[in-house]
Amino acid sequence: MITIEALKDFGADVSEGLARCLNKEDFYLKMVNMGLQDERFETLKGVLESKNYDTAFEMAHALKGVIGNLALTPIYAPISEMTELLRSRTDTDYLPYYTQLKEQRDKLLAL
């Protein structure tokens, strides 16, 4: 089960995340769990592999918002970078960004 201490150890800015959740710890933890279960984490890889970058941008941008609002910094960094590259339509291999994003999310889910 994810705890406030585990989130702090993970590198999340818990005070910022809690502030966005009215400083209600139980509500914040519920939102973290819901955010980490977002199906776009799973479907984004296939969209990137199919090079459907418009859809990938929309998905990454939505995830960036969820993760940013929860202040999950180690996950926010790769999703933010990927989102900006997709926004500018940079021709690059996005799978390393996805892999880093997924690894950080899975690490947090394992807590």
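This briefing walks through some helices, their packing and a few single residues in the structure above. The model is a predicted one, so local features need pLDDT of at least 70 and side-chain atom pairs count only at pLDDT 80 or more, while totals for chains, interfaces and linings use all residues. Residues are numbered from 1 along each chain as its sequence is written, and side-chain values use heavy atoms, with hydrogens and water left out. Helices here are DSSP runs (H or I, at least four residues), numbered from the N terminus.

**Helix α3**

- Let's start with α3: at 1.5 Å a residue, its 12 residues should span 16 Å, and its end C-alpha atoms are 16 Å apart, which agrees. The expected span is 1.5 Å times one less than the number of residues in the helix.
- Which residues of α3 are buried? They are Y28, L29, V32, G35 and L36. Buried means under 20% relative accessible area, exposed means over 50%, and partly exposed is in between (1.4 Å probe, protein chains only).
- Seen down the axis of α3, these buried residues fall within an arc of 125°, so they line one face of the helix. The arc is that of the directions from the helix axis to the C-beta atoms.
- Here's a handy rule: an α-helix has 3.6 residues a turn, so residues three or four places apart point the same way.
- Turned away from the buried side of α3 is a face that carries the exposed residues D26 and K30.
- The cover over the buried residues of α3 includes α1, α2, α4, α5 (53-69), α6 and α7.

**Helix α7**

- Helix α7 (residues 95-109) gets the same check: at 1.5 Å a residue, its 15 residues should span 21 Å, and its end C-alpha atoms are 20 Å apart, which agrees.
- Its buried residues are Y97, Y98, L101, K102, R105 and L108. They cover an arc of only 125° around the axis, which puts them on the same side of α7.
- Look at the other side of α7 and you'll find E103 and K107, which are exposed.
- Among the elements covering the buried residues of α7 are α1 (4-10), α3 (25-36), α4 and α6.

**Where α4 meets α6**

- The axes of α4 (residues 40-49) and α6 (residues 73-87) come within 14 Å and cross at roughly 35°. Axes are lines fitted to C-alpha atoms, for helices over the stretch in contact, and angles run from 0 to 180 degrees between N-to-C directions.
- This crossing of α4 and α6 is left-handed, meaning that the near helix is turned anticlockwise from the far one by less than a right angle.
- Which residues meet here? From α4 come F41, L44 and L48, and from α6 come I75, I79, M82 and L86.
- Sorted by class, the contact of α4 with α6 has 7 nonpolar, no polar and no charged residues. Ala, Val, Leu, Ile, Met, Phe, Trp, Tyr, Cys and Pro count as nonpolar, Asp, Glu, Lys and Arg as charged, and the others, Gly among them, as polar.

**Two loop residues with positive phi**

- Some background first: most residues other than glycine have a negative phi.
- N23 has a phi near 60°, a positive value in a residue other than glycine. You'll find N23 in the loop between α2 (14-20) and α3, and N23 is exposed, with a relative accessible area of 59%.
- R89 has a positive phi too, near 55°. R89 sits in the loop between α6 and α7 and counts as exposed at 61% relative accessibility.

**Single residues and their partners**

- Contact means heavy atoms within 4.5 Å.
- G35 in helix α3 is buried, with a relative accessible area of 6%. Not counting residues up to four places away in sequence, G35 touches F41, V66 and L70.
- G35 and K51 are 16 residues apart in sequence but 25 Å apart in space, C-alpha to C-alpha.
- K64, in helix α5, is buried at 15% relative accessibility. Leaving aside neighbours within four places in sequence, K64 is in contact with Y76, I79, S80, T83, E84 and R87.
- E16, in helix α2, counts as partly exposed at 31% relative accessibility. Leaving aside neighbours within four places in sequence, E16 is in contact with G68 and A71.
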